[in-house]
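Trainee: Please pick one part of this chain and go through it closely. I would like to know what surrounds that part and what lies at its ends.

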Amino acid sequence: KPLYFYRQNESSITKSIKKGYPWLDINLRKNHHENLLPLNKYDFKNQLNRLIVHELFIYAKSHLKTKRKYAEVKKEILNEFSRMEYQESIKNCFYKKNWKENLVLFIVRYKMIFLIYLYAKIN
């Protein structure tokens, strides 16, 4: 009979968003995947683009949930969204039928930080 054991860790990264997720993690993961996967095969390049866009949204949300001033965080997010490392992924990302992810892509592509802020407040 399978049993499950759930461990609650209040100091885990998922519970602790005082500083927001470190932006460097996105680029580290991007570089790792680029070096590991044959991006020209299958759908790996498209999947990596979708991962980067999704991560940018999630990381921005984590920073907007901190107690820092909105203007300060917005400036930081805009700076990250504008990095050359991410521009190709943002430009070439697409989803066929997933309206939620298309909305995330639209928000990231057009740098609608206030919409991420609203989402962070209700989620």
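Mentor: The protein chain follows the pattern α-α-α-α-α-α when read along the sequence. That comes to six helices and zero strands, where helices are DSSP runs of H or I with at least four residues, strands are runs of E with at least two, and both are numbered from the N terminus. This is a predicted model, in which local features need pLDDT of at least 70 and side-chain atom pairs count only at pLDDT 80 or more, while totals for chains, interfaces and linings use all residues. Residues are numbered from 1 along each chain as its sequence is written, and side-chain values use heavy atoms, with hydrogens and water left out.

Of the 123 residues in the protein chain, 33% are buried. Buried means under 20% relative accessible area, exposed means over 50%, and partly exposed lies in between (1.4 Å probe, protein chains only). Among contacts with a separation of 6 or more, 67% are between residues 24 or more positions apart; a contact is heavy atoms within 4.5 Å.

Now to the part itself. In α5, the buried residues are E101, V104, L105, I107 and V108. Seen down the axis of α5, these residues fall within an arc of 165°, so they line one face of the helix; the arc is that of the directions from the helix axis to the C-beta atoms. An α-helix has 3.6 residues a turn, so residues three or four places apart point the same way. The cover over the buried residues of α5 includes α2, α3, α4 and α6.

Next, the two ends. At the start of α5, a side-chain oxygen of N98 comes to within 3.2 Å of the backbone nitrogen of K100. Just after α5, K111 takes a positive phi of about 50°, although K111 is not a glycine. K111 sits in the loop between α5 (99-109) and α6 (113-122) and is partly exposed, with a relative accessible area of 32%.

S82 touches Q87 and K111, leaving aside residues up to four places away in sequence. At 38% relative accessibility, S82 counts as partly exposed.

The axes of α2 (residues 44-64) and α4 (residues 84-92) come within 8 Å and cross at roughly 110°; axes are lines fitted to C-alpha atoms, for helices over the stretch in contact, and angles run from 0 to 180 degrees between N-to-C directions. α2 and α4 are therefore roughly perpendicular to each other, the class for 65 to 115 degrees, whereas under 35 is roughly parallel, over 145 roughly antiparallel and the rest oblique. K45, N49, I52, V53 and L56 in α2 meet Y86, E88, S89, I90 and N92 in α4. These residues divide into five nonpolar, three polar and two charged. Here Ala, Val, Leu, Ile, Met, Phe, Trp, Tyr, Cys and Pro count as nonpolar, Asp, Glu, Lys and Arg as charged, and the others, Gly among them, as polar.

Helix α2 also holds R50, which counts as buried at 19% relative accessibility.

Terms used
Polar contact = N/O pair within 3.5 Å; in protein donor to acceptor, adjacent residues only side chain to side chain.
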